[in-house]
Amino acid sequence: MNKVLTIALPAGIAIVFPLVMHALDQQFYTSFATRILIYAMAAASLNLVLGYGGMVSFGHAAFFGAGAYIVGILAVEGVSSLWIAWPAAIVVAAAAALVIGALSLRTRGVYFIMITLAFAQMMYYVFVSMKAYGGDDGLSMPARSTGLGVSLSNDFVWYYLVLVLLMIILYLLHRLLRSRFGRVIEAIRENETRATAVGYPVYRYKLLCFVISGAIAGLAGALIANQTSYVGPALLHWVQSGTLMIMVILGGVGRFWGGPVGAVVLLALEELFSGTPLLGDYSLHWQLPVGVILLAVVLFAPQGIAGAFSQKSQ
Amino acid sequence: MLLEQSLNSLQFGLMLFLLAAGLTLVFGIMDMINLAHGSLYMIGAYLMASFVQATGSFWVALPLALAATALVGAALEVTLLRKLYERDHLTQVLATFAVILIANEVVRLIWGNQSLMLNAPAGLTGPVELPGGVQYASYRLAIIGVGTAVAVLLYFLVTKTRVGMLVRAGASNREMAVAMGVNIRRLFTAVFALGAALCALAGAMLGPILAVQVGMGENILILAFVVIVIGGIGSIRGAFVGSLLVGLVDTMGRALLPIAFAKMFSPQVASNLGPALSSILIYVLMAAVLFLRPQGLFPARG
Amino acid sequence: MNIKSIVLVAAAAAAFNTHAANELKIGYLSTLSGPAGAIGVEIRDGFNLALKMNGGKLGGLPTEVVFADDTLNPETGKQLAERLLKRDRVNLMTGIVFSNVMLAVWPTIQQSKVFYIAPNATPTRISGEGCNPHFISASWPNEGYHEAAGVYAKSKGYKNAYLIAPNYPAGKDATSGFKRGYGGAISAEVYTKLNQLDYSAELAQIRAAKPAALYAFLPGGMGINFIKQFVAAGLSSEVPLVVPGFASDQDIVRAVGEPMLGIFDTAHWAYDLDNDANRKFVAAFEKEFNRIPSLFAEQGYTTALLIDSAVRAVKGKIEDEKAFHKAMMAAPGRFKSPRGDWKFAHNGTPVQDYYLRVVAKDNKGRIVNKKIGTVMNAHVDFWAKECKMK
């Protein structure tokens with residue numbers, strides 16, 4: 001009964017949300033909600049490697065941004081079909097994750113955190129150096145991806161497409177975590193020495209987890225490029241990686257809904273504080289209450305929001 | 001021009017060292033990733049600007065700013081950061097990230113959105129003639145002087161004094177140090193306050209050259225992390241060598257590479273490629289150290 | 001299929017809903033913080049002054065201005081523009097200071113069919129081939145000041161020029177404009193990172209190159225730092241410095257002070273321009289804000305007056321795009337602007353004079369930019385010829 005609710009309720013809200021917004025003549029929030037859905041996907045991908053895999057990757061934005069740039073570059077070069085651009089984004093992000101993961105996973109602890117950070121910064125500067133594709137100024141895409149027969153520049157249609165993709169990804173993640181692979185990954189996170197002793201090829205499992213997570217982040221990146229029709233190097237910056245980590249911890253590290261919940265909460269808080277009259281003259285200082293809330297969660301509720309809920313039901 | 005660029009690189013490296021020294025000690029002894037270190041640098045610069053305005057004198061304001069920032073650092077450590085020592089690195093990253101957000105906004109609330117003006121002290125606003133007939137900004141020379149003096153002082157402090165010995169003991173093996181009866185709590189607070197003062201010194205000295213603005217810490221923070229990784233976490237000597245190395249690569253990227261590239265690419269591309277390439281190189285260096293010799297060039301931990 | 005498409009079209013149309021104007025809601029997206037924020041603040045103050053002097057109304061309509069700070073980040077600018085257009089449903093937009101934000105935000109504004117009046121950045125990419133009736137510039141075409149400076153440098157007979165500008169679209173426009181006006185040998189063309197603050201590396205290179213003149217386009221905080229460091233390095237006595245007005249006006253004068261005396265620059269406006277509208281503007285600004293206005297403030301002021309004139313001419317019906325555009329194009333002739341007489345070229349950029357100014361003290365001992373001569377008369381944007389409009 002509980003399980004049906006945890007899926008049906010958010011799905012139901014997500015499905016009717018744009019219709020409600022249209023009825024209230026607040027179409028802007030449909031576009032805003034799409035952004036949340038995209039970040040939910042990115043955060044969910046980080047949660048896979050961070051929460052379930054126990055690998056503290058401080059460079060996740062690299063895969064997110066790389067996916068976005070592939071779509072942007074292809075669009076500017078005339079390839080706007082999503083059947084080409086989006087799989088390309090996924091493949092490139094996965095390849096990057098393979099290389100970075102292969103090297104980084106040879107280290108551990110704080111060194112792993114630092115080395116993932118280093119690789120992400122490297123990729124950031126690679127994109128900054130590409131003056132032909134905007135460099136620091138970023139790249140504007142002429143339009144959203146084509147190929148579906150209906151124009152994606154319509155925010156309504158775009159929202160539902162992103163929602164469907166998010167649902168598919170979440171379902172696949174669910175199956176993955178329930179499978180043998182998922183159980184082994186969690187076993188590795190719990191006690192790596194024991195897992196190795198039992199005979200699992202720990203390195204290979206971790207690497208595969210890392211690559212899958214990178215691939216999903218790449219897809220999210222392809223979507224974010226379409227969302228704003230603009231890509232900039234800031235998408236790969238370590239502050240962006242930090243933001244994704246904040247989402248995961250707010251939502252609940254290692255909890256299934258941790259990523260999506262964190263994305264919703266963080267972006268909603270940001271909009272609430274900065275875009276509405278709530279803080280009045282202090283709206284520009286929205287990062288202050290967000291920082292305080294984050295600090296409080298980290299110190300006193302490390303299980304995050306999803307964690308707090310699942311503890312209650314026990 | 002080579003002399004001038006070398007001096008520039010030295011100046012940048014020494015200031016980076018001031019930040020890296022505090023960071024490496026905190027990381028080495030308390031095993032804590034402190035992202036808010038850059039915020040102390042920013043607070044130091046802001047306090048300096050205010051004190052200069054209040055007292056009218058650069059040199060009177062400087063010790064005031066150092067003391068005030070050390071107090072802020074100590075307060076931060078006692079109230080908040082102390083709770084993070086026992087926690088895992090992810091928690092430390094996120095908590096100190098939150099501190100950055102809060103610090104940035106508090107500074108904005110107190111000092112406003114615009115950058116603050118901080119000028120070099122009178123007497124150091126003009127050039128000085130170096131051997132060879134080259135003119136160089138006297139203030140930058142002063143920075144090099146101060147940076148070198150502090151580096152030497154720190155070296156003596158850490159290697160030749162009792163306190164320094166305790167610090168080194170804590171860095172190489174914290175449990176043993178505690179077992180030997182070192183008052184670890186007071187030591188930690190002292191180390192943190194010292195780190196904060198060093199940050200403030202860097203912020204105050206760089207203020208006239210850069211701008212005193214919100215967010216100034218984030219840019220330099222990441223470089224400080226690169227430095228301590230390359231140099232070795234917990235090692236002052238490593239931080240020194242690492243900073244000079246990074247300073248060298250950075251200057252090379254900003255000065256020499258664009259000139260070389262200008263022969264091959266358009267000016268816009270050449271000007272962009274040089275700094276980007278040197279940044280990439282810095283991170284490649286960092287990754288290489290982490291991969292091949294994670295303890296860094298001068299490991300502090302036995 | 002039919003009902004679905006109707007719903008979709010309705011949804012799309014409703015997203016960009018322009019008010020039948022019984023009030024003006026202006027989306028003001030600008031850079032208001034950080035080292036470059038001072039420019040945004042200057043423009044905004046000029047704009048607000050004109051609004052205040054008009055009793056809070058423009059074109060006879062009560063006017064609400066919604067401010068947003070892009071913090072010089074193109075992505076933030078884009079998101080804020082979307083919010084202003086789609087949620088706040090503004091019926092006019094203005095405010096952008098920097099060209100990289102302008103170029104990132106322009107597609108969104110273009111799609112919305114809302115008129116944008118530029119109080120500053122007017123990139124050549126939008127004034128030339130990419131021209132559009134919804135883009136009106138109240139300031140200058142990006143290359144204007146630089147071309148004038150080039151003409152001045154040529155008149156001084158400098159054997160060669162060393163160029164330095166930030167690596168973003170307006171920086172490229174700056175060097176192109178200068179080169180066209182100057183026509184002489186270029187010692188080097190160096191681009192720095194936008195918002196870079198430490199110029200030690202570049203200054204060493206300049207010293208080594210020993211150019212006959214240095215042209216530096218470094219606005220806002222960049223300019224403050226560059227000039228301070230230029231003087232500190234002893235280069236001010238070795239290399240003549242020529243700058244566009246952006247790098248030597250009040251926001252920089254306030255920070256650098258006396259070391260700037262004697263610098264020559266070019267601009268579309270000067271503090272001591274001899275006309276009634278300017279005297280009125282300067283007096284009102286100094287009274288309201290207790291400081292000397294800069295050319296940026298004049299731009300904001302004229303932007304508001306332009307909007308006022310055009311809205312008045314169409315009697316508030318700004319939804320009539322063709323009529324509003326026509327009213328805009330005729331507006332400069334209908335009111336007196338502090339910069340003197342000017343008009344629009346067909347691509348929506350000003351056709352105006354560019355003056356030679358010098359940083360000097362006025363009779364009250366304050367440092368201002370005084371007009372010494374006119375470098376270009378009724379200058380038309382070079383790229384206007386690429387504009388195929390009308």
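Residues are numbered from 1 along each chain as its sequence is written, while chains are lettered from A and ligands numbered from 1 in the order in which they are written. Because the model is predicted, local features need pLDDT of at least 70 and side-chain atom pairs count only at pLDDT 80 or more, whereas totals for chains, interfaces and linings use all residues.

A box of roughly 60 × 50 × 40 Å, taken along the principal axes, is filled by the C-alpha atoms of chain A. Of its 314 residues, 54% count as buried; a residue is buried if 20 or more other C-beta atoms lie within 10 Å of its own, exposed if 12 or fewer, and partly exposed in between, with C-beta atoms placed from the backbone. Among contacts in chain A between residues at least 6 apart in sequence, 76% join residues at least 24 apart. Two residues are in contact if their C-beta atoms, placed from the backbone, lie within 7 Å.

Chain C has 13 helices and 14 strands. For chain C the radius of gyration is 21 Å, close to the 21 Å that the globule rule gives for 390 residues, so this chain too is as compact as a globular protein of its length. Its C-alpha atoms fill a box of roughly 75 × 50 × 35 Å along the principal axes. Buried residues make up 63% of the 390 residues in chain C. Of the contacts in chain C between residues at least 6 apart in sequence, 75% join residues at least 24 apart.

Chain A touches both of the other chains described here. The contact with chain B takes 34 residues from chain B and 36 residues from chain A. On the chain B side, helix H4 (89-111), helix H9 (216-231) and helix H11 (267-292) each supply at least two residues, and H11(B) gives the most, with 14 residues. By class, this side has 24 nonpolar, six polar and four charged residues. Ala, Val, Leu, Ile, Met, Phe, Trp, Tyr, Cys and Pro count as nonpolar, Asp, Glu, Lys and Arg as charged, and the others, Gly among them, as polar. The contact between chains A and C takes 21 residues from chain C and 20 residues from chain A. Helix H1 (2-15), helix H3 (74-87) and helix H4 (99-112) of chain C are the elements that give two or more residues to the chain C side.

In chain A, the axes of helix H2 (residues 28-52) and helix H9 (residues 202-228) come within 8 Å and cross at roughly 165°, which makes H2(A) roughly antiparallel to H9(A). Axes are lines fitted to C-alpha atoms, for helices over the stretch in contact, and angles run from 0 to 180 degrees between N-to-C directions. Angles under 35 degrees count as roughly parallel, over 145 as roughly antiparallel, 65 to 115 as roughly perpendicular and the rest as oblique. The crossing of H2(A) and H9(A) is left-handed; a crossing has this hand if the near helix is turned anticlockwise from the far one by less than a right angle, and is right-handed if clockwise. The contact of H2(A) with H9(A) has 15 nonpolar, four polar and one charged residues.

In chain B, helix H2 (residues 37-55) and H9(B) pack at an angle of about 135°, with their axes 8 Å apart, and are therefore oblique to each other. Their crossing is right-handed.

Finally, Pro350(C) is found in strand S13 (residues 350-361) of chain C. Pro350(C) is buried, with 26 other C-beta atoms within 10 Å. Leaving aside neighbours within four places in sequence, Pro350(C) is in contact with Ser137(C), Trp140(C), Trp342(C) and Phe344(C). The C-alpha atoms of Pro350(C) and Trp140(C), 210 residues apart along the chain, are separated by 5.7 Å.

Definitions and conventions. Helix = DSSP H or I, 4+ residues; strand = E, 2+ residues; numbered from the N terminus. Rg over C-alpha atoms; globule rule 2.2 N^0.38 Å.
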